[in-house]
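I had a structure to go through today, and I kept notes as I went. Here is what I opened.

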Amino acid sequence: MKKDHKPAGPSQRMLRVGELVRHALAALFARGDIEDEALSGAVLTVPEVRMTPDLKIANAYVMPLGGAHAEEIVEALNRNRKFIRGRVAPLIDLKYAPEIRFFVDDTFEEAGRIDALLRSDRVKRDLDDDTDDSSED
């Protein structure tokens, strides 16, 4: 009987290459090598880079410090992605340099939203009810 063995998440290689690309992008952004008016003076963080299983495409999630003008900055990065790919390729030592696509990282906003929900009165009331029930046992 043959088992269909598909990984549940990214492979170790995908994670390792994603980290290599993330570090290369962070170094490139820190140096300020990209000449685009939308990027001048912007401090960018790269919290995550997700690779496709064939390592041909890197989805880079970026966020400017403070979150201001995030959409404009991502558009500027996507306009300059061939230049960025050319700068990143020698730093990652792969057979093929991945195509890099940039997206706005919304994990900080999502975490803030979840935190606000957990601190809401409604959730506190439900948690207080649970602790009262457990003390009666």
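My entries follow, going from the overall layout down to single residues.

**Entry 1: the layout**

I reminded myself that this is a predicted model. I started by looking up the secondary structure, and the protein has five helices and three strands. Reading along the sequence, I got the pattern α-β-β-α-α-β-α-α.

Then I looked up burial. Of the 137 residues in the protein, 28% are buried. I also checked contacts between residues at least 6 apart in sequence: 65% of these join residues at least 24 apart.

**Entry 2: the strands**

I took β1 and β2 next. They run antiparallel, and six bridges join them. One partner I looked up was that of leucine 44, which is proline 64 in β2.

On to β3. Its pairing with β2 is parallel, again over six bridges. Here I noted that valine 62 has valine 104 in β3 as its bridge partner.

How many residues of β2 are buried? I found eight of the eight, so β2 is largely enclosed by the rest of the structure. Both of its faces are covered. Ile57, Asn59, Tyr61 and Met63 are buried on one side, with Ala58, Ala60, Val62 and Pro64 buried on the other.

**Entry 3: helix α2**

I moved to α2, which covers residues 70-79. Its buried residues are Ala70, Ile73, Val74, Ala76 and Leu77. Why do they end up on the same side of α2? They cover an arc of only 160° around the axis, and that puts them on the same side.

I then checked the face turned away from that buried side, and it carries the exposed residues Glu71 and Arg79.

What do the buried residues of α2 pack against? My list has the helices α1 (12-31) and α3 (81-92), plus the strands β1 (44-51), β2 (57-64) and β3 (99-104).

**Entry 4: rings**

I searched for aromatic pairs and got two. One of them is phenylalanine 29 with phenylalanine 102, a tilted pair at 6.3 Å centre to centre with 50° between the planes. Phenylalanine 29 is in helix α1 and phenylalanine 102 is in strand β3, so the pair ties together parts that are 73 residues apart in sequence. I checked burial for both, and phenylalanine 29 and phenylalanine 102 are each buried.

The charged end of lysine 56 sits over its ring, 3.7 Å from the centre.

**Entry 5: salt bridges**

How many salt bridges does the whole structure have? The search finds six, and I wrote up some of them.

- Arginine 22 and glutamate 19 meet through their side chains at 3.0 Å, N to O. Both lie in helix α1, three residues apart, which is about one turn of the helix. Glutamate 19 is partly exposed, at a relative accessible area of 36%.
- Arginine 101 bridges to glutamate 99, with the closest N and O atoms 3.2 Å apart. I got a relative accessible area of 30% for arginine 101, which is partly exposed. Glutamate 99 is partly exposed as well, at 29%.
- Aspartate 115 and arginine 119 meet at 3.1 Å, N to O. Aspartate 115 counts as partly exposed at 33% relative accessibility. Arginine 119 counts as exposed at 57%, as the cut-off for exposed is over 50%.

**Entry 6: positive phi angles**

Leucine 55 is one of them, at about 60°. Where is leucine 55 found? I traced it to the loop between β1 and β2. That hairpin has five residues between its strands.

Aspartate 93 also has a positive phi, near 55°, and is a residue other than glycine. I placed aspartate 93 in the loop between α3 and β3.

Are these residues buried or exposed? Leucine 55 is buried, with a relative accessible area of 11%. Aspartate 93, at 72% relative accessibility, counts as exposed.

Methods: Residues numbered from 1 in each chain as written. Predicted model: local features only at pLDDT ≥ 70, side-chain atom pairs only at ≥ 80, totals over all residues. Heavy atoms only, no water. Buried < 20%, exposed > 50% of the residue type's maximum accessible area, 1.4 Å probe, protein only. Helix = DSSP H or I, 4+ residues; strand = E, 2+ residues; numbered from the N terminus. Arc of directions from axis to C-beta. Contact = heavy atoms within 4.5 Å. Phe/Tyr/Trp six-rings, centres within 6.5 Å; stacked < 30°, edge-to-face > 60°. Lys NZ or Arg CZ within 6 Å of the ring centre and 35° of its normal. Salt bridge = Lys/Arg side-chain N within 4 Å of Asp/Glu carboxyl O. Pairing = 2+ DSSP bridges.
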